[in-house]
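Let's take a walk through a protein model together. Have the sequence and the 3D view ready.

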Amino acid sequence: MMFKIFYLLLLLHLLQAQALTSPADISALKAFKSSIKPSSIPSWSCLASWDFAADPCAVPRRTHFICGVSCSPDATRVTQITLDPVGYSGQLTPLISRLTQLTTLDLSDNYFFGPIPSSISSLRNLQTLSLESNSFSGSIPDSITTLKSLELLDLSHNSMSGNLPKNLNSLSSLRRLDLSYNKLTGFLPKLPFNLLELALRGNSLSGYISESSFDGLTRLAVVELSVNSFSGTLGPWFFLLPSLQQVDLANNSFTRVVISNPAGGNSDLVAVNLGFNKIEGNVPANFANYPMLSSLSLRYNRLRGAIPLGYSKKKTLRRLFLDGNFLIGKPPAEFFAGDTAVTGSLGDNCLRGCPGNSQLCTPRQKSYAICKQAYGGKLRS
């Protein structure tokens with residue numbers, strides 16, 4: 001009798017150990033694998049081990065579903081799909097929407113193509129969506145903005161086009177947004193207020209950088225908007241964002257930058273790149289008052305006047321690029337002192353007395369004729 005009870009308990013334990021994955025999840029996984037070209041699935045890859053003769057959430061996984069998929073603790077629901085980067089090619093099936101407990105979808109560094117299905121909005125528990133370095137195309141579906149739990153959205157290095165979703169700020173949990181190196185156009189909408197990192201490099205975005213887009217972003221630390229077509233004036237509010245640390249706005253069409261002193265003399269700003277724009281006027285002297293600034297690039301703009309003396313007295317400054325402008329006068333002697341730690345370039349300007357044996361002075365200065373023309377013939381020899 002005791003043996004039978006022991007046997008029944010053991011059998012019950014074994015049955016409980018066997019996964020009972022939701023049928024809807026199984027059908028979604030089948031559809032997901034079926035949408036990928038079999039010829040792009042290496043025999044040793046994660047997807048090759050997805051053999052539906054076994055239950056996807058069954059443990060231990062010695063031969064089937066050995067990687068690429070994770071399940072809930074009770075082994076009933078699929079919670080993560082994280083593919084290995086082996087070159088899978090195919091489309092993302094709309095039936096992915098059946099995996100309603102999915103928290104992570106990571107297909108990065110493969111060859112997925114076609115649109116991102118709007119049905120992805122059904123993944124209400126999704127926290128990480130990483131589709132970077134594929135060939136996805138079409139517009140970013142507006143429905144993606146309903147994913148209130150999403151913390152990371154990375155669609156970089158694809159072929160996405162069209163405007164950014166108007167309700168992007170609805171992603172109230174979003175911490176990191178990377179849409180770099182796509183074909184996105186249009187203006188910058190209002191951004192999610194919990195954002196820590198914003199990366200939109202290498203698109204065709206245009207228009208002004210509006211204060212309303214950044215309203216309430218008290219935690220934003222990293223802004224990377226280089227290689228776009230943003231224009232106009234960058235207002236004094238921008239560098240006063242309270243948590244800002246790194247800014248890259250190079251290779252745009254900004255014409256003016258207004259820099260205020262940091263509020264209360266405090267700022268976490270460490271690195272600024274405004275190179276290769278169309279910025280006119282004098283070199284912004286107030287950058288010298290940002291206490292932690294160590295890297296500043298204003299190279300290849302249309303700046304005039306003298307180099308602010310405060311730059312040479314700033315002990316935290318380690319990299320300074322002012323080359324490719326129309327700066328005049330004699331550069332501060334402190335830049336060439338034996339104990340200076342500043343690297344970069346003051347070359348290709350209209351400076352006088354820049355020591356030829358200093359690396360800071362390369363490339364050589366513009367010709368007098370070019371400089372005189374730039375100053376309307378009023379430049380003294």
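Are Asp348 and Lys366 buried or exposed? Both are buried, and buried means under 20% relative accessible area, exposed over 50%, partly exposed in between (1.4 Å probe, protein chains only). Their side chains meet in a salt bridge, 3.4 Å from N to O; that term means a side-chain nitrogen of Lys or Arg within 4 Å of a carboxyl oxygen of Asp or Glu.

A quick word on the ground rules. This is a predicted model, where local features need pLDDT of at least 70, side-chain atom pairs count only at pLDDT 80 or more, and totals for chains, interfaces and linings use all residues. Residues are numbered from 1 along each chain as its sequence is written, and side-chain values use heavy atoms, with hydrogens and water left out.

Now look at Asn325. Among the residues that Asn325 touches, not counting those up to four places away in sequence, are Asp348 and Lys366 (a contact means heavy atoms within 4.5 Å). Asn325 counts as buried because its relative accessibility is 0%. A polar atom of the Asn325 side chain lies 3.4 Å from the backbone oxygen of Asp323.

The structure holds 10 salt bridges. Another one pairs Glu197 with Arg176, with the closest N and O atoms 3.4 Å apart. Glu197 is partly exposed at 35% relative accessible area, and Arg176 is partly exposed at 29%. Lys313 and Glu334 also meet through their side chains in a salt bridge, at 3.3 Å from N to O.

Definitions and conventions
A polar contact is a pair of N or O atoms within 3.5 Å; within protein, one must be able to donate a hydrogen and the other to accept it, and residues adjacent in sequence count only if both atoms are side-chain atoms.
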